[in-house]
Amino acid sequence: MAYEIVKVHTEPYNSEHESDITKVKLANYEELSVADVVDNIDEGSAYYFTAKNGRKPEVESVHPTGRDPYIRTKANDVTSDNLLSLDRF
């Protein structure tokens with residue numbers, strides 16, 4: 001099943017780094033921690049969001065050495081459709 005992310009929460013609030021996303025809000029109003037989303041993606045769940053251009057970029061988990069895992073948009077040919085383009089909460 002695929003889950004749509006509609007808002008993100010970053011710390012600090014106005015961060016410009018996807019690695020600073022701490023929580024997401026889904027279309028069904030559920031709030032999840034990034035750790036939960038990472039676990040779900042790693043177990044086979046799919047996450048995406050709807051960008052302003054109508055595209056639906058997929059979200060992936062990232063596991064950097066020596067840092068906590070985080071989520072980001074899978075690379076594509078559009079630089080403006082990333083998770084940080086979503087509204088904050």
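Trainee: Among contacts between residues at least 6 apart in sequence, what share joins residues at least 24 apart?

Mentor: A contact means heavy atoms within 4.5 Å. In this protein the share is 46%, taken among contacts between residues at least 6 apart in sequence. Keep in mind that this is a predicted model, where local features need pLDDT of at least 70 and side-chain atom pairs count only at pLDDT 80 or more, while totals for chains, interfaces and linings use all residues. Residues are numbered from 1 along each chain as its sequence is written, and side-chain values use heavy atoms, with hydrogens and water left out.

Trainee: How many helices and strands does the protein have, and in which pattern?

Mentor: Helices (H or I, at least four residues) and strands (E, at least two) are DSSP runs, numbered from the N terminus. Here there are 1 helix and 7 strands, and the pattern along the sequence is β-β-β-α-β-β-β-β.

Trainee: Which residues of helix α1 are buried?

Mentor: Buried means under 20% relative accessible area, exposed over 50%, and partly exposed in between (1.4 Å probe, protein chains only). In α1, residues 34-42, the buried ones are Val34, Val37, Val38 and Ile41. These residues cover an arc of only 100 degrees around the axis, so they sit on the same side of α1; the arc is that of the directions from the helix axis to the C-beta atoms. As a general idea, an α-helix has 3.6 residues a turn, so residues three or four places apart point the same way.

Trainee: What do the buried residues of α1 pack against?

Mentor: They pack against β2 (21-26), β3 (31-33), β4 (46-48), β5 (58-62) and β6 (70-73). Just after the helix, Gly44 has a positive phi of about 110 degrees.

Trainee: Is Leu83 buried or exposed?

Mentor: Leu83 is buried, and its relative accessible area is 0%. Leu83 lies in the loop between β6 and β7 (87-88). Leaving aside residues up to four places away in sequence, Leu83 touches Ile5, Val8, Glu18, Ile21, Phe49, Val59, Ile71, Arg72 and Thr73. From Leu83 to Val59 there are 24 residues in sequence and 8.3 Å in space, C-alpha to C-alpha.

Trainee: What percentage of the 89 residues count as buried?

Mentor: Across the protein, 35% of the 89 residues count as buried.
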